[in-house]
Structures are given as C-alpha cells and as structure tokens.
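The sequence and structure come first.

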Amino acid sequence: MAKVLVAVTSARGVMKIAFSDGIWSRLYGPYGNRSVNIQLKALCEKWDDAAAKELFWEELHHQDDIYPATFASLPWLVELRHPNDEAFEQTYLFLSHVIHCACSEGGTGCDGTGPRGRYRGLSTTIADHQHAWIPNSEWLTIDDRPILINLEQWFSDNCLMIAERCLSLVNSDPVVSADAIAGFASACGSSRVAWSTQMFASGEDEGFICRELGSYDERDTLAVAKLFAHVHEKNPDLASFMLNYPGCTFVPDDPKQDDLL
C-alpha cells in the first residue's frame, strides 16, 4: 500500500506537535493517555483502514466528546496523503464530525454540562483538564497552556477550510452526505442543520425532526444557502429537505438573496 506522506504547507498556521514531544503523555483522550502519538505516527507512515478506524473512533472521540489529543492530531490528519478514495472518505467524515462536535452548543460529558472553551473539548483553562479519572502525574500543567492556545488558534484558522474539503464527499448516499455537511453547517453556526439532516438521513419523520429541534432560524437559513450548491445536484432529496424545512427562507436563484452566498 502506498506510503502516506506529510506536506507541511497546505494548512495555515502549521501546529504539528512532534511525535517525540513529551506533552503527548498529557494530551488525553476518552480513556486517558494511550500513546496516540505512536498510533498517529504509524498512520502517517502507512495508511491502515483498521488502525485509522480505531484511532479516530476509539482514541480521539467518544459519544460526541472530543479531547486535547483530538485537536493535537488534527494538523497531522489534514496532511495525510490517502492511498485511495475510501481512505479519504474515512478521514474526512471523521474530520467533519470533529468539527461538528467542536462547534456545537453545550459542554463536555454525558450530560453536556462539563467545561468547554471556545471549542468543545479544548478549554484553555488547565483546571478543566485535571480530571479525577486521569492520574495526577499525567495531568496537563500550566506550562502546557500555550500549546492549548496555539491548538485553538490553529483550529480557528483551519476548521472552515477542512469543512469545505469534507463537502466533496456529498453523493447520492444520504447518510454519507449528511455526515459530510455536518462540520460545515456547525462551523457556520448551525448545528441544527447538521442534526436535522442526519436525522432525515437516518429515516426519521420530518415532523418529528422539527418537533425535536425546532424551526430553522436566520443562521440555519444562511448555512442552507451556503450548502445548497454542494448538495442540490448530488443529493436532491437532502437539498429539498433543507429548503422545505420550517423556518428556512432561502430561495435558490433569487438575486435578492445573493448576499447569503
């Protein structure tokens, strides 16, 4: 299988933490510190489907929570050169979901009331990371705070670019398409568009979705306007769902709404 290469110039404000840096022993995931840097290094050297799935969905994500290790991995993940379309899809559907999780409303933890910073999972307050379920010797320290701040800035500078790449995955499959647009919608301030399209793709009744999530507002309409060009030809059913969702006021080809695009 082709070797995965890393190009250091394709993302703005490169923030790659060397795999040998000791901070990786304090950059935790859902189960504490489990050598994510070693797994990530191996994936950068040679793509492996099973290893990627394990890293993405077990070590860097858990029940829509993401972690400092997740954010530290992103600058490396966006530079992967994928050996095939399936590898690209696997990576960028994960990245779309990470952006959705990071930008969605709510805090951390199962009840969504835990601490968050500008982005969920990346508070820059050190005390927010000193969890009882992590040994004290593996806690992030005040000396690590500049790294967290830099990761936050890198994510701010690059999340929309990454989300736009994810839109290339929109196709006739409603589940793949809804997952592909989730990051972009949430980065535009519209988690409701992300949640509603995912519920629609999973077969939920449209009336039920609206009762659960409420009508679209101006931010949601703006997200639909930006997404429409990427969706309407490749997945017209999903595009129609967004256009006809209660509260959506976007009308395609209306010159009066050009400022929405």
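## Residues with positive phi

Ser35 is partly exposed, because its relative accessible area is 40% (partly exposed lies between buried, under 20%, and exposed, over 50%, with a 1.4 Å probe and protein chains only). Ser35 belongs to the segment before α1 (36-45), and although it is not a glycine, its phi is positive at about 55°. Gln63, in the loop between α2 (49-59) and α3, also has a positive phi, near 50°, and counts as exposed at 57% relative accessibility. Most residues other than glycine have a negative phi.

The model is predicted, so local features need pLDDT of at least 70 and side-chain atom pairs pLDDT 80 or more, while totals for chains, interfaces and linings use all residues. Residues are numbered from 1 along each chain as its sequence is written, and side-chain values use heavy atoms, without hydrogens or water.

## His82 and its surroundings

His82, in the loop between α3 (68-77) and α4, counts as buried at 17% relative accessibility. The side chain of His82 makes a polar contact with that of Thr91 at 3.0 Å (N or O atoms within 3.5 Å, one able to donate a hydrogen and the other to accept it; residues adjacent in sequence count only if both atoms are side-chain atoms). Beyond four places in sequence, His82 is in contact (heavy atoms within 4.5 Å) with residues including Trp47, Phe88 and Tyr92.

## Where α4 meets α5

The axes of α4 (residues 85-103) and α5 (residues 145-166) come within 9 Å and cross at roughly 130°; helices here are DSSP runs (H or I) of at least four residues, numbered from the N terminus, and axes are lines fitted to C-alpha atoms over the stretch in contact, with angles from 0 to 180 degrees between N-to-C directions. Contributors to the contact include Phe88 and Tyr92 of α4 and Phe155 and Arg165 of α5.

Notes: Helices (H or I, at least four residues) and strands (E, at least two) are DSSP runs, numbered from the N terminus.
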